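User: I have a structure open and want to go through it with you. Can we take it piece by piece?

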Amino acid sequence: MAEIKLDSKIPSGPLAEKWTRHKAAIKVVSPANKRKMEIIVVGTGLGGASAAATLGELGYNVKIFCISDSPRRAHSIAAQGGINAAKNYQNDNDSVYRLFYDTIKGGDFRAREANVYRLAEVSNLIIDKCVAQGVPFAREYGGLLANRSFGGAQVSRTFYARGQTGQQLLLGAYASLNRQIAAGTVKSYNRREMLDLVLIDGKARGIIVRNLETGEIERYGAHAVVIATGGYGNTYFLSTNAMNSNGSALIQCYKKGACFANPCFVQIHPTCIPVHGKQQSKLTLMSESLRNDGKIWTPKKLEDVEKLRKKQIKPSQIPEEDRDYYLERRYPAFGNLVPRDVASRAAKERCDAGYGVNDTGLAVFLDFAEPIKRLGRKAIEERYGNLFQMYEKITDVNPYEEPMQIYPAIHYTMGGLWVDYNLMTTIPGLYAIGEANFSDHGGNRLGASALMQGLADGYYVLPNTIGDYLSADIQTPKTDVNHPAFEEAENRVKARIEKLFKIKGKQTVDELHKKLGNIMWEYVGMARNEKGLKKAIKLIDELTKEFWTDVLVPGKNGDFNQELEKALRLADFLEIGKLIALDALDRRESCGGHFREEMQTEEGEAKRDDANYMYVAAWEYRENQDPKLHKEPLNYEVVKVSTRNYKN
Amino acid sequence: MKFTLKVWRQKNAKSKGRFETYKIDNISPDTSFLEMLDILNNNLVHEGKEPVAFDHDCREGICGMCSLYINGRAHGPDDEITTCQLHMRKFKDGDTITIEPWRSAAFPVVKDLVVNRRAFDQILQAGGFISISGIVPDANAIPIRKEDADESMDASACIGCGACVATCKNGSAMLFVAARVSALERLPQGKIEAAKRAKSMVQKMDELGFGACSNTQACEAECPKGISIAHIARLNRLFIQAKLQD
Amino acid sequence: MILSSLTKKIIISLSGLFLLVFLALHLVLNLTAICSREWYEAVCEFMDTNIAIKLMVPVLVLGFVIHLAFATAFEFKNWAARPRELKYAVATHTKGVSWSAKNMFVLGIVVILGIVLHLFNFWSKMQLQGFLGNEEENAYDLVVNLFSCKCFVLIYAIWIIAIFFHVQHGFWSAFQSIGLNNSKWLPRLQFLSKVYAWIILIGYLSIPICFTLGLQCS
């Protein structure tokens, strides 16, 4: 394999003109030639669906792969709060620059300036597009679009559709996708899971998939492959990710030579419903938008905590003066709307100090009593009705009467495949978009920015940049799936599956996955330190061995076999878990979602180390040895790098 | 808590299915229904039996992947809920719970409790979109009445789970079709193709083996998102309009 | 040409609405029988000779035939979508679903059988005879004779109750099917539907009851 050299390909020129200039400079493929080109898109969330639809509209032949029965199930659908854009419709002094700056700052100065600026720039086009697609965004009585605020921003720039923004945006992208499927430019392959990437002459030329209904292993070829399979949060077993969300496509690409960037930047979302017991398989997110009106607190007195745990008093009975609104206390300027990483750590700090309000001691209150009094129950119902209903269904507590209990949980992964400005990975012809890449959120993602990034990549960035690569390939005939590279990849996949069945061990996949989750949450969770990380690496190595000798996978391959699916994914989660730990160990600074206990101020705030760690950590896979670290230095030409301050 | 589960087992679309009975114990009332099935499967794997196949994904009530006809009701014994949001506290200790797949000619069983809902995709491909591409006007260029946007959102809340089809005695997908047609029609952008869309989507629905609507209102009662049959009236109106334009 | 399910449904609804008008009209005419023999006979005479009414007869027959034919086709399609082998093992009553709504076809069959009997009892002895050039029997006498038999009263009562249930769903459902409904009007139409059905029930039942109990004024 050729020596990997990271070239971010950031265009020259002033920040605000980079994207325009770049688009003018890159090559395009003529309509006649587009018809001859094939592109594979893996994943049908906001990134994948929007990319496939747009590529189809442009005239390319697209094959899109989805692990669920329909593209509409992709986990983007669960995003609740909203999508940011620099429209400045509220005339509150928002601008492309401000959105760019907030995102860079929110990401704790670990994202590329050029990428983030481009993201802010195209954000406005996304809103236009979605409205034209029929996304029913919330509106004012005058008929214009409504906005709300989100964490990490002092302006109101978040567009929303009740608490179901992700769903509505995905339905928009899915509708565009359906239109292209009907037009014949896109072919949709449902219930297919990518199990390997196929390289021919060093270029991404196809994938091997397993038909989840029949168990058949299938081959698909193309001129380029786009990975849009989301993040790897499920490494932690308990997360807000959907049960089928996995990091396998990322790992397969990584093993074929795509660098994995910043794996340790994992976002822990502050407002999730607390864990209730050992039988739990999944955590539920309560939208960040709730922090617009909800107030977060714990009791001031430990005796009140005791009484709460014993259910002797109700939270609403604790008088105002005995409540500690700790976010408002610590961060007066942003209050309850500090970025997610800050809010999560503050909750952990309170619970570690013994103020956790439920019987596990791992919960704080999110209270709506004050806003209900101020705005009326109806107004609150209109804003968050579906979230309140969801909370009540799950917990059996009516949040209109008693405060919600929340606790941080794994939610999003900022890290992902390393990509250049064109969103191409270190493998030519292999692209990664949306949560699957690392590019725009640095060390921490701001609320309502994931939807923005997925759609920006899919609708506006990738469809342009991929043309530059494909323009050199217009003479290349369609990829022959009988090529030996496909044969070899397919055989490897089959051998791997065979191997799993042969183990016939004693532990189920879920049991092993829970073990991995415990290791990850304990040592690679909200607070990390050198000793813990080293221990985690050792434990993961042991667990990997345990997995490959003691896993029990029932049934056979040629069938609908959900246990096999999970086993294949867990094998990859084990590798990602170790990668997260390795990266976390390397990054001896506290930055964004990554908090190293060795690196904090006396007040317990994160301490970044710009002198030594202002880089993107891109990990290169090496067989039978630890991965090799490549560093892409981050140069801030426009923004003045500073310590994040949400206090004043 | 303790339960007796009567679960539908079926190898594939062609084979005949049957019920199998399983006992399960030590379930916390705070456990969700699907977590209870996770536990059952974990036990089955240990016993060397084949686990029960069932569809699920987000477990937050929004992806529409989970299905299950539980004790004679789509998504189980609660209103406006998906199976993943159903918790065991809704049952009594010692209950016998019968779990069946969605049953409809248009949703063939893939395995056990998993059905194939591809027909829904196909209906949407027949017109469930607004035909735009490229660069479009500014988002605020066309003001939209808040009431219209809200109504569109009500209809657009459909998660495509198929509870309406599963519950309808005719196996009709009219509520599903109507939700999409109505959601788009309420917005000026979607009005342009509204009549044509209604006609082609209904035609597709017929083709795919769904039944027709006889206004029993069962779909509305079991829809996890509470989508009203008033949207079906709108679909009917648009359909007539399309026919008159032919 | 194969009509779409929705076209069929709209045709069923329109023909149903037409039949609802007929049903109301028929009731008004019938009620005269309770009031007086003369009125009733006058009405029958009018119906027998008026040219507009005569012209409407084939339209009415067509209305019935269309309603029945399309409803049958409609029902067959629905059976195919949920065949017997795809019935649920456990079925519960779905909240808000009326018994009528689920049994429209069966109710329709009962109604049709009632109509056949009704035609045999009256039409075949009156209009048919007139058409064949024979002497027509007196309508009022027919009514009196028929309802002197308790079993006919019972059969008519069952028939009318079936019409009641059929109409109770059919009335609002027809408006829904032709798109003349929304969330505001749904409860209103359903209320009107009930009112109409009760009027039909009470109105039509009152005739056999009155004649059996001898409450008619003649």
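User: At roughly what angle do the axes of helix α5 (residues 104–121) of chain C and α8(C) cross?
Analyst: They cross at roughly 140 degrees, and the axes come within 9 Å. Axes are lines fitted to C-alpha atoms, for helices over the stretch in contact, and angles run from 0 to 180 degrees between N-to-C directions. Helices here are DSSP runs of H or I with at least four residues, strands are runs of E with at least two, and both are numbered from the N terminus.

User: Before going on, what kind of model is this, and how are things numbered?
Analyst: This is a predicted model, where local features need pLDDT of at least 70, side-chain atom pairs count only at pLDDT 80 or more, and totals for chains, interfaces and linings use all residues. Residues are numbered from 1 along each chain as its sequence is written, while chains are lettered from A and ligands numbered from 1 in the order in which they are written.

User: Back to chain C. What word describes how α5(C) and α8(C) lie to each other?
Analyst: They are oblique to each other. Angles under 35 degrees count as roughly parallel, over 145 as roughly antiparallel, 65 to 115 as roughly perpendicular and the rest as oblique.

User: Which residues make that contact?
Analyst: On α5(C) they include M104(C), L107(C) and V111(C), and on α8(C) they include W159(C), F165(C) and H169(C). Two residues are in contact if their C-beta atoms, placed from the backbone, lie within 7 Å. By class, this contact has 10 nonpolar, 4 polar and no charged residues. Ala, Val, Leu, Ile, Met, Phe, Trp, Tyr, Cys and Pro count as nonpolar, Asp, Glu, Lys and Arg as charged, and the others, Gly among them, as polar.

User: Now the chains. Which pair shares the most contacts?
Analyst: Chains A and B do, of the 2 pairs in contact. There, 64 residues of chain B are in contact with 61 residues of chain A. α1(B) gives the most to that side of chain B, with 6 residues.

User: How far apart are the closest C-alpha atoms of chains A and C?
Analyst: They lie 19 Å apart, and no contact joins chain A and chain C.

User: What do the buried residues of α1(B) pack against?
Analyst: They pack against α15 (509–523) and α17 (562–586) of chain A, together with β1 (3–9) and β2 (18–24) of chain B. Among these buried residues are F33(B), L37(B) and V45(B). A residue is buried if 20 or more other C-beta atoms, placed from the backbone, lie within 10 Å of its own. Just after α1(B), G48(B) takes a positive phi of about 80 degrees.

User: How much of chain B is buried overall?
Analyst: Of its 246 residues, 63% count as buried. Chain B has 9 helices and 7 strands.

User: Which way does α7(B) lie relative to α9(B), parallel or perpendicular?
Analyst: Helix α7 (residues 194–207) and helix α9 (residues 230–245) of chain B pack at an angle of about 100 degrees, with their axes 8 Å apart. That makes α7(B) roughly perpendicular to α9(B). Their contact has 8 nonpolar, 2 polar and 2 charged residues.

Key:
Buried ≥ 20, exposed ≤ 12 C-beta atoms within 10 Å, placed from the backbone.
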